[in-house]
Amino acid sequence: MSLDTEHENVQAALAAEALDALDGEEREALHAHLAGCAECRAELESLREAASLLAHTAPHVPLAPARSDRIRARLLARAAADVRGGEAAEPVVAAPETRVIPIASRRRSALPAWLAAAASVLIAIGLGAYALSLRGRVSSLEQQTASLSRDRGRLESTLAEREATLAALAGPEVRVITLASTQERAPSGRMFWNPVRRRYTFFAYNLPQVRPGREYQLWLITPAGPVAAPTFRPGRDGAGSVEGAYDVPNEQIRAVAVTEEPAGGLPKPTGEVLIVGNAAE
Amino acid sequence: MHPTQRTVSYLPADDSGPDDGALVRRMAAGDEKALGLLYDRWSPLLHSVARRIVADPNDAEEVLEEAFWQAWRQAGRYEEGRGGVSTWLTMIVRSRALDRVRARGRLREESWENIPEPGSGDGEGPASPDAAAEQDERRRLIAAAVAQLPPEQRETVELAYFRGLSQSEIAAKLGQPLGTVKTRARLALQKLRESLVVFREEGG
Ligand SMILES: [Zn+2]
């Protein structure tokens, strides 16, 4: 058969093909021709479009809104699960080429696919909830652990300070400065001063309560003037303590003193000296 | 050859919402909301086609769902052709419905003769006012074109389209030569195609 004759024959069969009405052999021959004939392919597409108009001649049968909503919701849920699952797309059977797909297998596969999608959603929800509860438990245990760890850190740090204090106080090199009051009410203090470790621990007694916004500040008195040390607040019994390290050369510490200053202390004393002790003693 | 090189547009008349092609592209990108919009727009037509082909209402609903699911899964391979999305969707639903009929071994035989004439308005009610009105108008024009076909041509294309009969099955059923069936099908589709152009020119 010449190409022209074939073309003529195919033209006669294109409408039947547009309606999916060609039988086996003739259909195969047509497709073989279509592969090499753009004109016939365009004509077939145009006839298919015309055939699809027949769909609009189907009498309008409305779907009950509730049923339609259910189908719609199910489709969207499946689609959402499909997106999340990232499944590969089904192999495509181009709709115009679709002939008969074996029904039984399609019917068997359609429902399980849907059920599988539904089940996977449920399983995902179930696992999600379980994972969430596990995460909650782990998070709570982590918080407890962190809290215990902080407590332990604080205790270790406190213990280390106490040991340092004891070490600073217990050495044979420790010197003691006794502070006497400048006033009648007899506040007093004692400075345990370790010139080797260059640490001090200061205790005060019978101190009057400070006014709001004020604290007592310890000073190391040197020839160049007072060097600021930490502030402290006495308890209700008038006792207080403060400890620290110092950079001042030992021989320059001539005396220690306590003044009342704004809370947090100042670099230079502004208040009156409450108690003072001479290091030279 | 024939004056049909214009694309038939099935966009809603008021141009509301994204067009069908945009919706299919969004579906391909994994946007299930686009599937919902496409469903809202075309499920009345697709359900009607399914009901025309399958006997059982529940089957028709399953076919409708299968068709939209297939559209979702194949959206990435959809190529915008002359017929547009509605042609694509109606081909899918027709194919699924005929599959269902073959699975059941049963056509919509019992009520075949009682199906109302297209566009006669029996039992019709717009699902959503705008889209339905626009689709009603299209259906009316298409029904008019189909009604103008000689009865034997119309019977031939309907047997093929709604009952899935092959040309040789149609020839046997009608007692006509195969060549006659071919010719009737060709004349019928060519006339529908021409009416499509008239519809386009009249409708703007
Ligand atoms: Zn050709």
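1. In this predicted model, the side chains of A:Arg211 and A:Glu260 meet in a salt bridge, with an N to O distance of 2.6 Å. A:Arg211 belongs to the loop between β3 (199–205) and β4 of chain A, whereas A:Glu260 sits in strand β7 of chain A, so the pair ties together parts that are 49 residues apart in sequence. A:Glu260 has a relative accessible area of 17% and is therefore buried, the cut-off for that class being under 20%.

2. β4(A) pairs with strand β7 (residues 255–262) of chain A in the antiparallel sense, over 8 bridges. β4(A) is also joined to strand β5 (residues 225–232) of chain A by 6 bridges, and these two strands likewise run antiparallel. β4(A) and β5(A) form a hairpin, with 2 residues between them.

3. In β7(A), the residue opposite A:Leu220 is A:Val256; in β5(A), the residue opposite A:Leu220 is A:Val227.

4. A further point concerns the loop between β6 (240–245) and β7 of chain A, where A:Glu251 is found. A:Glu251 is exposed, because its relative accessible area is 59% and the exposed class begins over 50%. The C-alpha atom of A:Glu251 is separated by 9.4 Å from that of A:Ala279, although the two residues are 28 apart along the chain.

5. Which residues supply the protein donors of the zinc ion? They are A:His7 through ND1, A:His33 through NE2, and A:Cys37 and A:Cys40 through SG, at 2.1 to 2.2 Å from the ion. Along the chain, the donors follow the spacing H-x25-H-x3-C-x2-C. The two histidines link distant parts of the chain: A:His7 lies in helix α1 (residues 3–18) of chain A and A:His33 in helix α2 (residues 24–34) of chain A, 26 residues apart.

6. Why is the arrangement around the zinc ion tetrahedral? The 4 donor atoms subtend angles of 107 to 113°, and four donors count as tetrahedral if all angles lie between 85 and 135 degrees. For reference, the ideal angle for four tetrahedral donors is 109.5 degrees.

7. Chain B contains 8 helices and 0 strands, and its pattern along the sequence reads α-α-α-α-α-α-α-α. Chain B has 204 residues, of which 54% count as buried. Among contacts in chain B between residues at least 6 apart in sequence, 66% join residues at least 24 apart. Chain B exposes about 8,800 Å², and carbon and sulfur atoms supply 49% of that area.

8. Over all chains, a search of the whole structure finds 22 salt bridges. One of the contacts of this kind is formed by the side chains of B:Glu65 and A:Arg74, at 2.6 Å from N to O. B:Glu65 lies in helix α3 (residues 57–74) of chain B and A:Arg74 in helix α4 (residues 65–85) of chain A, so this pair joins two chains.

9. Within chain B, the side chains of B:Glu62 and B:Arg100 meet in a salt bridge of 3.2 Å, N to O. B:Glu62 lies in helix α3 of chain B and B:Arg100 in helix α4 (residues 84–104) of chain B, so the pair ties together parts that are 38 residues apart in sequence. B:Glu62 counts as partly exposed, with 31% relative accessibility, while B:Arg100 is buried, with a relative accessible area of 4%. Both residues belong to a network of salt bridges that also links B:Asp59 and B:Glu66.

Terms used. Residues numbered from 1 in each chain as written. Chains lettered and ligands numbered in written order. Predicted model: local features only at pLDDT ≥ 70, side-chain atom pairs only at ≥ 80, totals over all residues. Heavy atoms only, no water. Donors = N, O, S within 2.8 Å, 3.2 Å for Na, K, Ca; no water. Tetrahedral: all angles 85-135°; square planar, octahedral: opposite > 155°, others 65-115°. Helix = DSSP H or I, 4+ residues; strand = E, 2+ residues; numbered from the N terminus. Pairing = 2+ DSSP bridges. Buried < 20%, exposed > 50% of the residue type's maximum accessible area, 1.4 Å probe, protein only. Contact = heavy atoms within 4.5 Å. Areas by Shrake-Rupley, 256 points an atom, 1.4 Å probe, with all protein chains shown as cover. Salt bridge = Lys/Arg side-chain N within 4 Å of Asp/Glu carboxyl O.
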